[in-house]
Amino acid sequence: MKLQRHGTIACLALTAVLGLSACGSDNNEPTGSASGSASAADCATGTLNAQGSSAQKNAMAEWIKAYQQKCAGTTVNYEPSGSGAGIQAFIAGTADFAGSDSALKEEEQPQADAKCTGGKAIHLPMVIGPVAVAYNVSGVDNLQLKPATLAKIFAGKVTKWDDPAIKADNPDAKLPSTTIQTVHRSDESGTTDNFTNFLSKTAEADWTFGKAKAWKAPGGTGSKGSDGVASSVKGADGAIGYMEWSFAENAGLKTAKIGNGAGEYAELTAESAGKTIAGATVEGQGDDLKMKIDYNTKEAGAYPIVLVTYEIVCSKGLAADKLPLVKGLLGHAASSQGQAELTELGYAPLPESVRTKVEAAVKNLS
């Protein structure tokens with residue numbers, strides 16, 4: 001019930017922020033043409049194997065379920081192995097497409113392109129996932145953290161919850177002397193890449209470990225996948241970790257307000273995440289829709305830690321028996337209906353200006 005209500009609020013908020021035209025209410029009362037827009041005409045049979053980002057696991061599960069219900073004779077397997085593993089599987093030819101919370105590295109792009117006869121590997125932004133900083137500290141609610149404080153905590157420079165740096169951010173809170181237990185991803189992850197990118201862009205004096213898919217700071221506990229991090233935080237008093245928002249929601253964890261470039265502490269909501277998304281720019285060329293997010297956004301009320309999950313797929317050169325299935329599934333994901341399905345899962349839909357470009361790029365796959 002909570003997520004359903006959350007979804008409705010999220011959709012209304014995103015309508016206001018991004019001018020979205022489709023809301024989740026469509027799902028409750030499907031009407032002929034609206035609900036069928038990505039159904040029978042785009043159905044294909046066969047098996048699709050994809051893997052990568054665990055941040056989009058819940059989104060992909062929803063899309064696969066909806067697509068397989070519409071399209072008999074279809075099997076779609078998505079393994080949430082982490083962004084790094086997904087890219088390697090795509091390069092190795094064992095994944096028909098990869099989910100990644102980071103764009104291909106400069107050295108990975110030609111390797112991925114080599115799998116696309118006559119084409120290139122392109123990035124299709126499909127899932128907007130705010131990154132939550134979730135915590136489990138007895139007696140502490142409404143925690144708020146500046147980027148510099150967050151960097152000190154995850155760098156191991158701040159080790160107790162009643163440290164002066166945390167007190168300065170939370171002057172009215174009763175903070176215990178509990179030892180801080182940081183939890184990070186043990187596998188290579190685009191969530192880690194985005195989180196460390198945020199720290200390196202907003203707190204460079206306190207975060208000296210750069211940005212990378214692999215966690216490089218000392219100490220802390222490593223857990224596999226976003227669900228693993230959420231489980232570890234839930235199981236230990238004094239724990240704090242970063243994970244895609246839907247996993248914090250599903251685990252019932254408290255999330256911190258994060259300082260933004262406007263000097264405010266922003267609560268994580270669909271609306272506040274949408275404000276940061278709306279300011280992102282597309283960097284890629286043609287159907288390659290790589291995006292750049294401004295982590296120092298000065299937009300009032302904007303929650304600044306937001307990631308985009310891309311589906312990395314061949315623009316041309318897909319196997320003839322896989323092409324209709326890839327276009328069918330990703331076409332559903334990029335549709336207004338497919339994006340509206342995300343609001344109840346703790347994700348934010350794509351801004352309509354981006355969604356229409358993604359939809360057009362999927363149709364161009366060959």
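**Ground rules.** I worked from a predicted model in which local features need pLDDT of at least 70 and side-chain atom pairs count only at pLDDT 80 or more, while totals for chains, interfaces and linings use all residues. Residues are numbered from 1 along each chain as its sequence is written, and side-chain values use heavy atoms, with hydrogens and water left out.

**Disulfides.** I looked for disulfides, meaning pairs of cysteine sulfur atoms within 2.5 Å, and found that the structure holds two.

I took Cys-43 and Cys-71 to begin with, and their sulfur atoms are 2.0 Å apart. This pair links distant parts of the chain, 28 residues apart, with Cys-43 in the loop between helix H3 (32–35) and strand S1 (46–52) and Cys-71 in the loop between helix H4 (57–70) and strand S2 (74–79). For these labels I used DSSP runs numbered from the N terminus, where helices are H or I with at least four residues and strands are E with at least two. The torsion about the S-S bond is about -75°, so I noted the Cys-43 and Cys-71 disulfide as left-handed.

I then checked accessibility, calling a residue buried under 20% relative accessible area, exposed over 50% and partly exposed in between (1.4 Å probe, protein chains only). Cys-43 is partly exposed at 29%, whereas Cys-71 is buried at 1%.

Next I turned to Cys-116 and Cys-314, whose sulfur atoms are 2.0 Å apart. Cys-116 sits in the loop between helix H6 (108–113) and S4 and Cys-314 in strand S14 (residues 306–314), so this pair ties together parts that are 198 residues apart in sequence. Its S-S torsion is about -75°, which makes the Cys-116 and Cys-314 disulfide left-handed. Cys-116 is buried at 3% relative accessibility, and Cys-314 is buried at 4%.

**Helix H5.** I went through helix H5 (residues 83–92) and found it mostly covered, with seven of its ten residues buried. Among them are Ile-87, Phe-90 and Ile-91. The buried residues of H5 pack against S1, strand S3 (97–100), H6, S4, helix H9 (190–202) and S14, where I counted contact as heavy atoms within 4.5 Å. Just after H5, I noted that Gly-93 takes a positive phi of about 85°.

**Asn-142.** I also looked up Asn-142, which has a positive phi of about 55° although it is not a glycine. Most residues other than glycine have a negative phi. Asn-142 lies in the loop between strand S4 (121–136) and strand S5 (144–145), and it is exposed, with a relative accessible area of 58%.
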